[in-house]
Amino acid sequence: MSVLPPERQAIAAIADAVTRLDRRTATVLLVRRGDDPLWTGLPAALRELGMEVGDVRLPARDRCWAPPAPDGRGRLIAGGRAYAADVLIYHDPFGPGGAGADLRALYRLLDCGIKVVFVDFPHGMTSAVAADPLRNAYLSALSADVETVVAAGAELRAVLQDSTRLRVRSGNAEVLEVSRPFEVRDDFTSALLDVPVLQLPYGEVWVVAPPESFDGAVELSVGRGGHVRARVRRGRLSPEEGAGALPAFDAPMVELGIGINKAARWLPPVTLFEKSHGRLHVGFGDSGLIGGRRRERLHFDLPLSRDSSLDKEW
């Protein structure tokens, strides 16, 4: 049996995401950055499935996280044109400098009934030495067997949803406790339930809860082997004495995430760490897009130390 090249496997995963979000013959708008074979080959693959596809390439200088907003008729405005679409595929800006993140445009898309597939994939890298290995790492994660990831997510979600309390141990920090009320979600159930958004590569189960459910301590990974220990009180972080500076932000904790994609490498600060099998992270700010009740302008995630572990109480 022949094995598809990595780009074709990744393209198949993106097409799978569209068909899971919209079982009809969909009208799709692709908003991409650059001309990687992943993107130049995707429109034809979608059309082979009977979809109508609009293809917009963003300018190389565009580094903003800003999905196209709908006009008064619910059409997406991109590249100076208006597109009618059931599904948006949006290529996230990669690496530092991706300014302008604001979830309000995304909420407007969802309010218009448009479903969204976000794809995290390298582009615009200046280091040729790093570009190919990082691209291959993302292709590997994108190419993970979808049904295997679906099954792993469903199994873990069922186990965690029946627990009364979760306990996270990270580094030398004390335990972070996540108490009820909380809800456990994964890529697929959340998208099909009430938030029609999928983030690729696949591979995450998360616990969404109000900030007051989080209490204790964590050890955050800040890249290059560095760590910061922090106290957590009702979801708010404060650095432990002598532990170093926390990233600058003012938002409460609303999420505990668990990676389930065995093909995804643990690579902070790039967001592939969120999907890496068995690795943990915490999320701050908006929770509406992950199944919670807080609508904020921003949501961001920070990885916990590599030795973090999760326990449950029954």
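Good morning. Strand β16 (residues 280-285) and strand β15 (residues 253-259) run antiparallel and are joined by 5 bridges. Helices (H or I, at least four residues) and strands (E, at least two) are DSSP runs, numbered from the N terminus. Two strands are said to pair if DSSP finds at least two bridges between them.

A word on the source. This is a predicted model, in which local features need pLDDT of at least 70 and side-chain atom pairs count only at pLDDT 80 or more, while totals for chains, interfaces and linings use all residues. Residues are numbered from 1 along each chain as its sequence is written, and side-chain values use heavy atoms, with hydrogens and water left out.

Let us turn to the sheet that holds this pair. Its 5 strands form an open sheet with antiparallel pairing, in the order β9-β11-β15-β16-β17. Because β9 and β17 (299-303) stand at the edges with a single partner strand each, one side of each has no neighbour in the sheet. From one strand to the next, the twist averages 25 degrees. For angles, axes are lines fitted to C-alpha atoms, for helices over the stretch in contact, and values run from 0 to 180 degrees between N-to-C directions.

Within this sheet, β11 pairs with β9 in the antiparallel sense over 4 bridges, and Glu-183 stands opposite Val-208 in β11. With β15, β11 pairs antiparallel over 5 bridges; there, Val-207 has Leu-256 as its bridge partner.

How many residues of β11 are buried? The number is 5 of the 5, so the strand is largely enclosed by the rest of the structure. Buried here means under 20% relative accessible area, with exposed over 50% and partly exposed in between (1.4 Å probe, protein chains only). In a regular strand, side chains alternate between the two faces of the sheet. In β11 both faces are covered: Glu-204, Trp-206 and Val-208 are buried on one side, Val-205 and Val-207 on the other. Helix α5 (residues 146-161) lies across β9, β11 (204-208) and β15, and runs at about 180 degrees to β9.

Is Asp-186 buried or exposed? Asp-186 counts as buried because its relative accessibility is 3%. Its side chain joins that of Arg-157 in a polar contact of 2.9 Å. A polar contact is a pair of N or O atoms within 3.5 Å; within protein, one must be able to donate a hydrogen and the other to accept it, and residues adjacent in sequence count only if both atoms are side-chain atoms. The side chain of Asp-186 also reaches the backbone nitrogen of Thr-189 at 3.0 Å.

I now move to the other sheet. This open sheet has 5 strands with parallel pairing, in the order β2-β1-β5-β6-β10. At its edges are β2 (52-58) and β10 (197-200), each with a single partner strand, so one side of each is left without a neighbour in the sheet. Neighbouring strands of this sheet are turned against each other by 15 degrees on average, direction ignored. Strand β1 (residues 27-33) pairs with β2 in the parallel sense over 7 bridges, and Arg-32 stands opposite Arg-57 in β2. Helix α2 (residues 37-48) packs on the sheet, touching β1, β2, β5 (87-91) and β6 (115-119), and its direction makes about 175 degrees with that of β1. Contact, here and below, means heavy atoms within 4.5 Å.

Lastly, the interior. In soluble globular proteins, nonpolar side chains tend to be buried together. A nonpolar core is a set of buried Ala, Val, Leu, Ile, Met, Phe, Trp, Tyr and Cys residues joined through side-chain atoms within 4.5 Å. Which of the 69 residues in the largest nonpolar core touch the most other members? They are Trp-39, Ile-89, Val-117 and Val-119. Helix α1 gives the most to this core, with 7 residues. A second, separate core of 22 residues includes Val-56, Leu-58, Leu-103 and Leu-289. Setting aside residues up to four places away in sequence, Ile-89 touches several residues, among them Ile-14, Val-18, Trp-39, Val-117 and Val-119. Of these, Ile-14 and Val-18 are among the buried residues of α1. Thank you.
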